[in-house]
Amino acid sequence: MLKRISIGGLFVLAIAVTTNSSDAADDPAAHWAYQPITDPAIPQIDDAKSPIDAFVLARLREANLTHSPEASPHTLLRRLHLDLTGLLPTPEEITDFETAWQKDSEAAYTAKVDELLASPHFGERWARHWLDLARYADSDGYLGDDMRLWAWIYRDWVIDAINTDQPFDQFSLEQLAGDLLPKPTQQQIIAAGFHRNNLKNTEVGSDFELDRVKQVVDRVATTGNAWLGLTVACAECHDHKHDAISQKEFFQLYAFFNNTKDSDPGIELGPDSGWKAPVYKDKPDAKISEKELAKRKKAATPKAQSLVELSGKDRRQSFVHIRGDYTQHGDAVSPATPAALHPLNVAKDKIPNRLDLANWLFDADNPITPRVLANRIWQRLFGIGIVSTSDDFGTHGAPPSHPQLLDWLAGEYRRLGWSRKQMIRTIVLSSTYRQSSANTQPDLPNDLLWRQNSVRVSAETVRDIHLSASGLLSRKIGGPGVYPPLPEFVSEVGRSVKWPESKGEDRYRRGTYIVLKRTVLYPMLTAFDAPDTSVACSRRDLTNTPMQALTLLNDPVFFECAEVLGREIHEKHGDDIDAAIDDLIKRSLNRAASDAELTALKNAHHDFLTSTTSADDAESEGGITDPQLAMIATARVVLNLDEFITRD
Amino acid sequence: MLQTASCGFGSLALQGLLGRKSLQAANPVPHITPRARRVIFLFMSGGPAQLDTFDFKPQTGKAPHAGSAFKFQQRGESGLWISELLPETAKHADKLCVLKGMHCDTGIHAQSALQLHTGDRLRDRPSLGAWIGYGLGHDNRDLPGFISLNTSRPSSYGSAFLPANYQGTPIGVNGEDMSLATLPNVTGDHLSTKAKRQQLDLIQMMNRRHQQQRPDDPQLDAVIKSMELGFRMQATAPELLDISSEPQAVLDRYRVGRNHLEGTCRASDFGRQCLLARRFAEAGVRFIEVNHGSWDQHKNHRRDLKANCRTTDAPIAALLEDLDQRGLLEDTLVVWGGEFGRPGITPGEKDKDQTGHQSSGFTFWMAGGGVKAGFAYGDTDETGKRAVAGKIHFRDLHATILHLLGLPANDLKFRHAGREHRLTGAEGGKVAHDIIA
């Protein structure tokens with residue numbers, strides 16, 4: 001049995017047991033997540049379309065339940081768009097899909113899935129999920145919070161790797177150890193910037209060695225969360241009894257990451273790297289000297305923030321830190337993986353490095369990583385994972401709702417060569433995914449998946465679909481982060497930079513491209529539960545606050561979207577209010593308006609027409625004619641509907 | 001999980017303390033009788049000089065030492081020593097509970113201010129007001145539970161990993177003209193109130209129709225509730241912020257619009273802030289922060305300190321008077337203090353008129369909300385250099401405030417990133433029971 005660490009101040013790796021299994025509590029090796037992945041027999045269910053459906057239906061039948069009916073084609077189209085690209089279908093795409101659906105619904109659905117998986121917006125959407133885990137931000141954090149001018153190059157690498165469907169094992173290898181590969185490419189150097197995204201304290205007078213140690217601890221923690229579904233916790237506040245990897249084993253993992261330095265000021269990227277300098281303009285100012293010009297050119301050359309492995313006498317010996325205090329050295333340790341997991345195979349005389357660790361994660365005997373990865377994809381497509389605590393497969397974690405399905409998915413991911421797109425395709429083609437989300441039995445929990453889940457869309461998507469519905473959206477992909485207008489109430493933007501408000505198209509870029517300055521996170525994103533970027537985030541909380549309602553109601557960006565949408569609809573349809581409202585609903589909710597909605601919105605439009613003719617209102621809108629104003633007010637109603645920001 | 005997260009108005013912490021599953025035998029919530037229902041925190045940014053305000057350190061006749069540069073007098077029946085710079089506040093001496101043994105960890109402004117607000121010096125953590133909201137829930141349906149006036153860093157009113165609805169709502173930012181300050185997004189000038197109400201009614205009606213597909217969906221229910229609160233805030237908040245209905249005599253007592261701009265003393269319309277604080281307290285806002293800075297008078301110590309005192313003295317007195325008269329002081333805890341204090345001017349360097357930062361000993365005061373009135377607690381040494389008696393660290397201050405609100409200070413926890421967090425940090429805070437009436 002592994003030793004439990006209970007001394008305050010120690011770092012422990014909590015891997016271990018489900019709370020409901022007393023056997024496992026005595027023997028961590030018995031914990032479900034460490035059992036080899038089984039190859040479960042697919043239950044024989046006549047009407048199961050796929051193995052996924054067979055596993056789900058088998059469980060449902062045991063409980064005398066069955067699947068909900070398939071969602072309507074419009075719901076399915078909107079669901080696929082939101083889940084795969086995070087954007088809304090256009091009215092033309094809706095019409096085309098309707099036509100194709102009538103001809104052959106199955107073929108239409110499959111073709112749409114393939115089309116969206118091939119869309120460059122797929123990479124934007126799924127990169128955002130990964131960036132949460134990478135605790136990606138564009139600044140250092142802490143009080144200084146200096147900008148990281150080139151952080152976006154890593155962000156763009158992620159988008160690109162996902163769009164080209166880089167197999168997940170390679171995707172992982174390059175991020176954990178790209179710099180250690182033989183003759184690494186520039187792309188691999190950039191990828192290794194994964195572990196440069198952590199917080200960094202550059203404050204004068206701070207203890208830099210302490211901060212370096214904290215960064216290494218964070219790198220271990222993030223690796224644990226992202227690939228092992230493990231929680232690395234500082235035991236100082238921990239009064240929970242749980243089994244753990246020993247303190248020594250924690251510092252053996254620490255040792256993998258303890259011999260790097262930051263590539264500052266960054267590794268210059270060659271002209272053929274494809275990265276364009278965002279700030280430097282080749283327009284020499286007469287007053288600038290040649291030397292100054294060269295300096296500026298160099299400063300403007302794109303650089304990869306990456307890691308450099310130390311060599312020779314620079315290498316550090318790692319120690320156990322007694323009580324978590326880095327100045328108190330305990331036993332000397334070398335890189336090694338926890339004994340509770342599968343063995344790390346390296347040549348006897350070789351000290352394993354990060355590359356070996358990355359390869360170890362994708363070892364055929366690894367029971368946990370494939371489960372963690374498959375579960376996380378499932379979570380993105382159902383709102384909740386088969387293991388609902390996707391960042392904790394250990395002591396405090398929830399047991400899987402469908403253990404056999406989880407194992408099948410884990411095995412399938414590997415069989416598909418770690419193709420993220422193929423894995424997603426497999427899931428979204430299932431009947432389980434395509435079910436209606438209507439909660440027809442409110443008292444019945446959905447653990448067994450008798451329906452899809454309704455989920456409020458993520459913070460970035462709230463923004464993106466407003467821009468998408470209004471037609472303001474810029475579809476430009478990648479490049480330096482943008483600075484959409486900050487609400488007036490945010491004035492403190494740290495000491496290091498101002499907030500240079502973006503102009504033109506950049507004001508309408510997707511939420512993913514908004515500069516993430518750690519001390520001044522964009523308030524709209526924070527209001528809708530975007531993570532704080534300080535630690536790896538595997539699942540976002542979903543809150544609901546009056547500030548969200550106020551943001552939707554009055555935020556200038558959202559009002560501008562309603563204004564543009566209302567005006568366009570008015571110009572297009574004039575006095576044909578039926579057609580106008582139908583169009584409005586189609587562009588935002590991506591379906592036809594029901595009779596009841598048509599009546600309600602027509603009445604409302606009529607009321608707005610009368611109530612907005614008062615002089616002060618007309619004046620406040622400056623030149624907008626009343627029918628336009630009424631349509632804007634109507635558009636505002638629709639964009640404020642809960643259904644608009646819900647993925648059903 | 002989703003159910004817990006979407007519980008808009010209730011107390012999440014209570015659920016947390018009771019355990020996620022109602023079937024589990026819960027940790028019993030320690031029963032603490034609340035003495036205060038709300039907090040007004042008067043944050044004196046920059047580090048007020050305690051030796052020239054509340055911690056009287058005259059020369060003792062031995063070797064000359066740093067000490068008070070201004071005159072002090074005993075005030076009220078309690079005989080508390082208060083500086084000549086605060087004549088109006090001094091009239092309320094018998095309401096004050098002066099804490100002279102305050103100390104903290106660092107003399108770096110931003111770090112210490114962050115620690116005072118969140119318990120952590122370096123990282124963004126939930127602020128005191130957010131923890132209180134999380135612990136007690138919001139009981140006002142027309143206003144947010146936590147408002148920060150003339151605020152500076154978002155981290156000082158942030159909710160960090162706590163659910164976003166416990167985040168403070170900032171009104172006005174440091175340095176701006178507070179008479180123009182309003183709530184973010186609370187006013188859309190786009191439509192008349194009637195049209196907005198029509199819009200909202202329609203939105204809510206259509207939301208309910210959507211809900212029919214998902215009956216009893218707690219999430220949608222909460223959405224409908226928070227939209228309603230958001231809407232009502234559009235009506236209540238601007239009204240509360242509009243102080244034009246206050247009698248001139250009240251505006252005069254609070255010195256609304258009057259600043260004494262000298263040196264480090266910045267315009268903050270502190271009088272308006274204090275008046276707004278009273279109005280928010282009356283309206284049932286749980287945690288209100290009022291800000292004035294900067295007390296960081298390094299050079300020209302005397303001149304700038306005078307200006308800071310003149311700007312804040314009468315408004316604070318007016319606030320205490322009004323709270324008392326309206327019966328609010330009983331359950332409103334007023335807390336005054338900065339991120340640290342200052343050492344005295346060293347004799348012999350008197351001409352320099354300079355002070356620095358001091359985290360080893362400084363003064364806070366409290367009033368109302370269940371603390372002893374006309375009471376001085378703790379002390380610094382003879383030269384005012386360090387706290388020697390009745391020591392209260394920021395984490396003890398936090399524990400005491402939570403305790404007065406009826407919250408179990410060291411058991412108010414939230415699980416995040418694999419471990420449990422609490423305001424009082426790893427070490428925990430000690431409740432200063434000696435100051436509780």
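This is a predicted model: local features need pLDDT of at least 70, side-chain atom pairs count only at pLDDT 80 or more; totals for chains, interfaces and linings use all residues.
Residues count from 1 along each chain as its sequence is written, and chains are lettered from A, with ligands numbered from 1, in the order in which they are written. Local features need pLDDT of at least 70 and side-chain atom pairs count only at pLDDT 80 or more, while totals for chains, interfaces and linings use all residues; side-chain values use heavy atoms, leaving out hydrogens and water.

**Exercise 1.** Work out how strand 1 of chain B sits in the structure.

*Solution.* 
- Start with the element: strand 1 covers residues 38-45 of chain B. Helices (H or I, at least four residues) and strands (E, at least two) are DSSP runs, numbered from the N terminus.
- Next, check its cover. Eight of the eight residues are buried, so the strand is largely enclosed by the rest of the structure. Buried means under 20% relative accessible area, exposed over 50%, partly exposed in between (1.4 Å probe, protein chains only).
- Now look at the side chains. In a regular strand they alternate between the two faces of the sheet. Here Arg38(B), Ile40(B), Leu42(B) and Met44(B) point one way, and Val39(B), Phe41(B), Phe43(B) and Ser45(B) the other way.
- Finally, find the neighbours. Strands pair if DSSP finds at least two bridges between them. Strand 1 pairs in the parallel sense with strand 8 (residues 332-337) of chain B over six bridges, where Phe43(B) stands opposite Gly337(B). It also pairs in the parallel sense with strand 7 (residues 287-293) of chain B over seven bridges, and there Leu42(B) has Val290(B) as its bridge partner.

**Exercise 2.** Describe the surroundings of His67(A).

*Solution.* 
- Check its cover: the relative accessibility of His67(A) is 17%, so it counts as buried.
- List neighbours: leaving out residues up to four places away in sequence, His67(A) touches several residues, including Asp53(A), Leu60(A) and Trp450(A). Contact means heavy atoms within 4.5 Å.
- Pick out the polar one: the side chains of His67(A) and Thr432(A) make a polar contact (3.1 Å). That's a pair of N or O atoms within 3.5 Å; within protein, one must be able to donate a hydrogen and the other to accept it, and residues adjacent in sequence count only if both atoms are side-chain atoms.

**Exercise 3.** How much of helix 10 of chain B is buried, and what follows the helix?

*Solution.* 
- Count: 18 of its 25 residues are buried, so helix 10 is mostly covered.
- Step past the end: Gly327(B) follows helix 10, with a positive phi near 75 degrees.
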